[in-house]
Amino acid sequence: MEKYLQSIEGKILCRESVINQLYSLIGYSDEPMPYSIFVYGHVATGKSLVVENMLSYLKYNTAIINCIEHVNSKHIFNYILSDLASNTKLEHRCDNIIDFIISLKEVSLKDSRPIVIVFDKCEKLRDNNANLLPTFSRLKELSDVNVCVIFISGIVWEKFRVKVGMYEPIKVHFPQYVRNEFAEILLSCKSCNYEDTFYKNYLNLFLSVFFRFCRDLNELNYMAKLNFSKYVQPIETDGIKEVDTAILWRNISAVFKANLEVIYLRVSCEDFARNNQFSNEIESTTKLALSFELPYYAKYILIASYLASYNPAKEDKHLFAKQKMKKKRKTISKKNVTKLSIQNGPSNFPVSRMLAIFCAILDEKVDINASLLAQIPSMCQLGLLTTVGNYNLDEPKLKCCVSYDFILVIAKTVGFGIQNYIYNIMH
């Protein structure tokens, strides 16, 4: 164990606890392998990196499968056997799990090393064949071979449960990096000639802005390198000293805030504006609306917010309750009609009204719980909604910030005909 930790020193950071746990399970070749291990955690937390690096060090007979690349179980079986039998002259072609187990036994007789099969993105196996997950979770029992199956996923094990035949794997959780760990990892990725202390101070400023909105290590590393050239520009052009952090911060703070809007597009704000062809493609309403991967109910909340912003409150009963007015409407001249129009901009509305519209337009009954209400501040952070005045907890007021074309795309993704519920279109 100590030798392995020395070999990865400086290569894999901030994962000591999960490395110790994983090594204790598969690191000793003279001990029986566990049936299966389930490795899970958020994106870019080092799951695949740690597993592949450890297996490479242990020199086991391994097969690593990215489940996205395989279309059926036959393809998976043949791919695994071709990897495991690469050091032997055996050739295997199997069409079902029985043939696969027989071939696996033949491989183990030719190669006495422990066998480890890794399924990366294993959630895709659920859509492939309902019997694959139960079979591979019990592969050691079925084949009587010293084999361990490692499942790697970004979702929890409870999403994989089936009624019968599934063995509970040993679960290894890769927790999300905290801010200090992000700073340490980003510092190790430094590609400039400046001092580590100077770059660490820059990372502290960078994470003070970006850490709240993004926890993806790959995106943070890209944006940190992209913005560093702007951060040091006063030093290289104006002769500012490296210790003048206040001047450097004033210079870079506006750039940080501007780049927050394009953090997942892999461009800077200047590149976004300068490259007209790319900018026009991204800024097109359809692509922009589809880029917001909102949950299903969040889309209906946004639709309800738009209707609350652009419809008169007195018309809600007529539009959403689908009840005919008892009193006959009086004919009023168009000059005296005061109704909200799309061109006049949105008006604010209380959250209670928006939730009433949400329940009215949704075909199913939904409990208004904390998880559902948590979507509202998230959409405020995305700029889809905005608070008006002081955020009163008793009756907060909101305003919808999206355009008509934008909400049409969102409504289309859930199959909702929003045109039938906008007052100034119906009248």
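Predicted model: local features only at pLDDT ≥ 70, side-chain atom pairs only at ≥ 80, totals over all residues.

Colleague: How many aromatic pairs does the count come to?

Modeller: The count comes to 36 aromatic pairs. The rule takes rings of Phe, Tyr and Trp (its six-membered ring) with centres within 6.5 Å; planes under 30 degrees apart count as stacked, over 60 as edge-to-face and the rest as tilted.

Colleague: Why is the pair of Phe38 and Trp157 called edge-to-face?

Modeller: The ring centres of Phe38 and Trp157 are 5.1 Å apart and the planes stand at 65°, so the pair is edge-to-face. Phe38 belongs to strand E1 (residues 36-41), while Trp157 sits in the loop between strands E4 (147-153) and E5 (170-174), 119 residues apart. Strands (E, at least two residues) and helices (H or I, at least four) are DSSP runs, numbered from the N terminus. Phe38 and Trp157 are buried, where buried means under 20% relative accessible area, exposed over 50% and partly exposed in between (1.4 Å probe, protein chains only).

Colleague: And what makes the pair of Tyr306 and Tyr310 tilted?

Modeller: For Tyr306 and Tyr310 the angle between the planes is 35°, with 4.4 Å centre to centre, and that pair is tilted. Both lie in helix H17 (residues 296-310), four residues apart, about one turn of the helix.

Colleague: How do you know that the charged end of Arg215 sits over the ring of Phe211?

Modeller: It lies 3.8 Å from the ring centre. The test wants NZ of Lys or CZ of Arg within 6 Å of the ring centre and within 35 degrees of the ring normal. Arg126 sits likewise over Phe160, with its charged end 5.2 Å from the centre.

Colleague: Last one: why do strands E6 and E7 stand at the edges?

Modeller: The open sheet runs E6-E8-E7, with antiparallel pairing. E6 (349-350) and E7 (385-387) each have a single partner strand, so one side of each is left without a neighbour in the sheet. Strands pair if DSSP finds at least two bridges between them, and E6 and E8 (residues 397-400) have two bridges.

Notes. Residues numbered from 1 in each chain as written. Heavy atoms only, no water.
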